[in-house]
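Here are a few exercises to work through with the structure open beside you. Try each task before reading its solution.

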Amino acid sequence: MKRLASTGFGTACVLFLQGCSGWQSALDPKGPAASELAWLIWFFTALCAVIWVLVMIALATPLMMRSRDGAEPLVLDAGADHRKLRVVVIAVGLTAVIVVGLTLLSFFANRTLAAIGSDAALTIRVTGHQWWWEVRYEDATPSRILTTANEIHIPAGEPVRLLLTSTDVIHSFWVPSLSGKLDLIPGHINVLDIKADKPGVYRGQCAEFCGAQHANMGTFIIAEPKEKFDAWWNDQLQPSGPPASDEAKAGEDLFLKRPCVMCHRIGGTPAGGTIAPDLTHIASRRTLAAGTLTMSRGNIAAWIADPQGVKPGSHMPVVELNGDELNAMVAYLEGLK
Ligand code: CUA
């Protein structure tokens, strides 16, 4: 029984600690901003834990002590009162010093965060929508401006400036492994500088309740070596190629004749909608519907056939298609690499 309990405790500890690592954890920092914040979290937690223990001891000690034999509670003891007053004054003084100290630490951490992106060469505008992320890579050359969705590729080891805004309600951008969270506010731009120390994939999540599918508003930061990032950008700037098969060609025709074109853009075709994710290279992304489904032929079909079943409340409407039409549409979309 004892062994069972200790095994259970061990398992619970492992599961608990696993929550502290991985691709979406503020306690497993992968960039300078997150490291600064993680340090601050641990310091605040440790100091507050020590203070909590001291307060508990101070509360428990008098309760445990028995009153002195024969002491009369109503008799005043000037000496004891003076000692108690001194303890209270020291405790208030220490509290003030600790609070001011923590405030200063937090202030200097903020300064460190602000300095991270001061020389950022890359600016990405991230716009929140219910419930997906529009990602636009800014460039002085208009033909190099790139719009994509939900995945944010960045060069590893370089600071990147994110301009955060929203078209509908307030969202909050949070990639815990790389930075703190910051709101996306309609009609306003917030600046968040991030940097990933090493190549890797880091998951982010909308951190401000924004409606029915707030929980399914995920994003991914994909940090790559600079050459790989540049190659990715150049690839993404290319329009979609011609459909690879007759079935895919039929899918493209359907896409262009059905309401899909009202909302989505596919570069190289007349589809130019801008209120839903750009699909020019949708099959190159890892997920569908902002992290709701992994990218696969079956999931593309599921998302088109029953968007309200996959993501209830989402603005993706049902487009009536028969089986052959659905297969054609999927064949077309899965070729958009
Ligand atoms: Cu967007 Cu929560």
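**Exercise 1.** Find the bridge partner of glutamate 151 in S10.

*Solution.* In this predicted model, glutamate 151 is bridged to phenylalanine 220 of S10. Next, widen the view to the two strands: S4 and S10 (residues 218-224) pair over five bridges, in the parallel sense.

**Exercise 2.** Decide whether the residues of S4 are buried or exposed, and sort them by the way they point.

*Solution.* Take the directions first. Glu151, His153 and Pro155 point one way from S4, while Ile152 and Ile154 point the other way. Then check burial, with under 20% relative accessible area as the cut-off: all of these residues are buried. Five of the five residues of S4 (residues 151-155) are buried, so the strand is largely enclosed by the rest of the structure.

**Exercise 3.** Locate the largest nonpolar core and name the residues with the most contacts inside it.

*Solution.* This core has 30 residues, and Ile124, Tyr137 and Phe173 have the most contacts inside it. Now ask which elements give two or more residues to the core: they are S1 (122-129), S2 (132-137), S4, S5 (160-166), S8 (190-194), S10 and H4. Another core, of 27 residues, lies apart from this one, and its members include Phe255, Leu293, Ala331 and Leu336.

**Exercise 4.** Describe how H2 and H3 pack, and what kinds of residues make the contact.

*Solution.* Begin with the geometry: H2 (residues 32-64) and H3 (residues 78-116) pack at an angle of about 170 degrees, and their axes are 9 Å apart. Angles over 145 degrees count as roughly antiparallel, and therefore H2 is roughly antiparallel to H3. Then list the contact residues: among them are Trp39, Leu40, Phe43 and Phe44 in H2, and Leu102, Leu105 and Ala109 in H3. Sorted by class, the contact has 15 nonpolar, two polar and one charged residues.

Key:
Residues numbered from 1 in each chain as written. Predicted model: local features only at pLDDT ≥ 70, side-chain atom pairs only at ≥ 80, totals over all residues. Heavy atoms only, no water. Buried < 20%, exposed > 50% of the residue type's maximum accessible area, 1.4 Å probe, protein only. Helix = DSSP H or I, 4+ residues; strand = E, 2+ residues; numbered from the N terminus. Pairing = 2+ DSSP bridges. Core = buried A, V, L, I, M, F, W, Y, C linked by side-chain atoms within 4.5 Å. Axes fitted to C-alpha atoms, helices over the stretch in contact; angles between N-to-C directions. Parallel < 35°, antiparallel > 145°, perpendicular 65-115°, else oblique. Contact = heavy atoms within 4.5 Å. Nonpolar A, V, L, I, M, F, W, Y, C, P; charged D, E, K, R; others polar.
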